[in-house]
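User: I'm new to this one and would like to learn how to read it. Could you walk me through it piece by piece?

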Amino acid sequence: MIAFLGAIVTIAFIVYLVLAIRSKKKGLPKAKQQFLIMWILLGGVILLTIIDPNKGQTMRSAQPEPAATSQEVAEAEPAQAATSTDTAQASETKKQNDDQQVASSTTKTETASEPVKATEDKETIYVESDTTTAQELDKEAVLTYTGILRGSTFIKDVNVGKNDISITFFSNFKQYKVANPQSEVRNNDYQDYFSTGDEINKILMEESTRLLKEFPAANEIKMTLPFDGDTYSIDLQEDAAKQFYGGVDFDTLKASDPTGGNAEWRVQISNKYFNESERQRFVSQFVKVQ
């Protein structure tokens, strides 16, 4: 700025000298000389301004800005602190939300692939969800199997429920012959078959027990066998049969005999109970005669 003013003063002084000399030569009045000098100086200033119009702005921009007062600094610091606090809180909230989402996803995964957990004091108890449905009897399989039972030739009807089997024998030989006209069985054969030994007791005891072993879904076996004016019947519940046979598990017997070897069946049932004394005990407990 000082250099700029110095330049203007120098130019004005030179112009003044030139005009003074000329005025002496030409004899111009002093007032006109001063007037002329003023306009020349003004024109010079305007000219310099036109040549560098941004110089004044540049000089003003170069000046340092006044430092903030201590009061302004004090007011700005709480605002910055509040902004930092808000940012920290927002970050913490986002982290908590992310953690909750991860926990929720993990819980769903564990629920889908692991047993349900129930916590009691310090001990963790695992509770398996029971998703199995109750078994039901396969009617066709039951009908096929009853065709090989003892006395099956004289079976009249087989009714298969969801968990029970009912078998009814012909009431007499005449009824059997009407249903099977092509059969070569004679009346004497029929009479001899059921009257020999304790054949009726064998059928009611052994075949009802065999059905419980063969079909785990069965929990009740009913048989009705009329002969010679009497009707022999049995309604054998699975729980009662288990108790009679010393707590045997019929499902285990079936599972241990996948190929029909019957080893466990013989050890736990047939060799031990299928004899005359045990049959009498069974008949007295389960068989009704009318």
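Predicted model: local features only at pLDDT ≥ 70, side-chain atom pairs only at ≥ 80, totals over all residues.

User: In what sense do S3 and S4 run, and how many bridges join them?

Analyst: S3 and S4 run antiparallel, and five bridges join them. A hairpin of three residues links S3 to S4. For actual pairs, look at Val160, whose bridge partner in S4 is Ile165, and at Ile155, which stands opposite Phe169 in S4.

User: And on to the next pair: in which sense do S4 and S5 pair?

Analyst: Here the sense is parallel: S4 (residues 164-169) and S5 (residues 220-227) pair over five bridges. You can follow Ile167 to its bridge partner Met223 in S5, and Thr168 to Thr224.

User: How do I describe two helices packed together?

Analyst: Two numbers do it: the angle between the axes and the distance between the axes. Take H8 (residues 199-214) and H12, which pack at an angle of about 85° with their axes 10 Å apart. Angles of 65 to 115 degrees count as roughly perpendicular, and H8 and H12 are therefore roughly perpendicular to each other.

User: Which residues make that contact?

Analyst: H8 brings Asn201, Lys202, Leu204, Met205, Glu206 and Ser208, while H12 brings Glu278, Arg279, Gln280, Phe282 and Val283. Sorted by type, the residues of this contact of H8 with H12 are four nonpolar, three polar and four charged.

User: Let's zoom in on single residues. Where does Gln175 lie, and what does it touch?

Analyst: Gln175 lies in H6 (residues 173-179). Leaving out residues up to four places away in sequence, Gln175 touches Lys156 and Phe170. Lys156 is 19 residues from Gln175 along the chain, and their C-alpha atoms are separated by 9.2 Å.

User: Why is Gln175 called partly exposed?

Analyst: The relative accessible area of Gln175 is 27%. Partly exposed covers the range between the under 20% of buried and the over 50% of exposed, so that value lands there.

User: And Ser183: buried or exposed?

Analyst: Ser183 counts as buried, because its relative accessibility is 17% and the cut-off is under 20%. Ser183 sits in the loop between H6 and H7 (187-195).

User: What does the side chain of Ser183 reach?

Analyst: With the side chain of Tyr176, the Ser183 side chain makes a polar contact at 2.6 Å. The Ser183 side chain also reaches the backbone nitrogen of Val185 at 3.2 Å. If you leave aside neighbours within four places in sequence, Ser183 is in contact with Tyr176 and Lys177.

Notes:
Residues numbered from 1 in each chain as written. Heavy atoms only, no water. Pairing = 2+ DSSP bridges. Helix = DSSP H or I, 4+ residues; strand = E, 2+ residues; numbered from the N terminus. Buried < 20%, exposed > 50% of the residue type's maximum accessible area, 1.4 Å probe, protein only. Contact = heavy atoms within 4.5 Å. Axes fitted to C-alpha atoms, helices over the stretch in contact; angles between N-to-C directions. Parallel < 35°, antiparallel > 145°, perpendicular 65-115°, else oblique. Nonpolar A, V, L, I, M, F, W, Y, C, P; charged D, E, K, R; others polar. Polar contact = N/O pair within 3.5 Å; in protein donor to acceptor, adjacent residues only side chain to side chain.
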